[in-house]
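I begin with the terms.

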Amino acid sequence: MRRKVIAGNWKMHFSPLETEKFLNELVPLLENKAGLDWIVFPPSVSLFKAKEKLNKSFIKFGAQNCHQEQKGAFTGEISALMLKELGCQYCLVGHSERRQYFNETSMACNLKIKALINQGITPIYCVGETLKEREEGKTEKVLKEQITSGLKDINLNDSLVVAYEPVWAIGTGVVATPQQVEEAHKLIRLCLADTVFNQKRAAEISILYGGSVKPENSQELSMLSQVDGFLVGGASMVAKSFAQIGQIPL
Ligand code: PGA
């Protein structure tokens, strides 16, 4: 059985004080929803606050990025080792904003993924094509490249979640159609089976959809056999909307 995951990527929003306020609102809303894996991704300065607030909760938290080295002269960076101490169980890797604005390649993601796995932190590896790539018929090629180089030399029993986030659907209000989502998720799972793991292990990996997910569109998408949950940006910062997205039986 694949784990069902509802993850909220807060991006560069919510200071420690705002995190406290938001979690005060969110935690009671999720009270009877322990059947899913709920994860929030605050900015790194707010992780300590998340740890404090989620201490007794089933809601997990993680970081949005990490450096591949454990320590060293890398000004401004945070290592997986440090995230572990902060109580992070997950970390996003390769979000399209990191690829786009910070020139992160799939090869760089591979090093981060290995560093996280070494610390027992589950990477949520984000992949997705741009609008131009989709229009040029390159979606399959791009997804395969991101999967094969990002997940190179990952072991069969390493903990991993994949998120399919078409770049053109992130923060745009344009959501991918159920057919586009199902096709991309199938392709990703096939690629996981052929080039990273094997069929049995690939069938166990949760693949989340991300890109303008809201309570109004999550119902239809959650019915797709290949969708194991959502990575939510904007709507994850509205407590009621986030809670509602997870209300749907996945
Ligand atoms: P969005 O963001 O839900 O605001 O489109 C998704 C993401 O960036 O993970």
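Predicted model: local features only at pLDDT ≥ 70, side-chain atom pairs only at ≥ 80, totals over all residues.

I take helices (H or I, at least four residues) and strands (E, at least two) as DSSP runs, numbered from the N terminus. I number residues from 1 along each chain as its sequence is written, and my side-chain values use heavy atoms, with hydrogens and water left out.

Entry 1, second largest pocket. I looked up which element gives the largest share of its lining, and found helix 7, with 4 residues. For a pocket I use a 1 Å grid over the protein atoms alone and take an open set of points where a 1.4 Å probe fits, with protein on both sides within 12 Å along at least five of seven lines; lining residues have an atom within 4 Å of a point. The lining consists of 20 residues, and Ser96, Arg99, Gly128, Gln146 and Val167 lie nearest the centre. Two or more residues each come from helix 4, helix 5, strand 5 (122–127) and helix 7 (139–150). I noted a volume of about 250 Å³, that is, the space filled by probe spheres set on the points, with grid points joined across faces, edges and corners. By class I recorded 5 nonpolar, 10 polar and 5 charged residues, where Ala, Val, Leu, Ile, Met, Phe, Trp, Tyr, Cys and Pro count as nonpolar, Asp, Glu, Lys and Arg as charged, and the others, Gly among them, as polar.

Helix 4 (residues 96–101) gives the most, 3 residues. The classes are 11 nonpolar, 7 polar and 4 charged.

I counted 14 residues around the ligand, of which Lys11, His95, Glu165, Gly171 and Ser212 come nearest; near means a heavy atom within 4 Å. I then looked up side-chain N or O atoms. One in lysine 11 is 2.7 Å from a ligand oxygen. I found 2.7 Å also for a polar side-chain atom of histidine 95 and an oxygen of the ligand, and 2.7 Å between a side-chain N or O atom of glutamate 165 and a ligand oxygen.

I located asparagine 110 in helix 5 (residues 106–118). Its relative accessible area is 7%, so I list asparagine 110 as buried (under 20%, 1.4 Å probe, protein chains only). Leaving out residues up to four places away in sequence, I found that asparagine 110 touches Ser149, Gly150, Leu151, Lys152 and Ile154, with heavy atoms within 4.5 Å.

Definitions and conventions:
Buried < 20%, exposed > 50% of the residue type's maximum accessible area, 1.4 Å probe, protein only. Polar contact = N/O pair within 3.5 Å; in protein donor to acceptor, adjacent residues only side chain to side chain.
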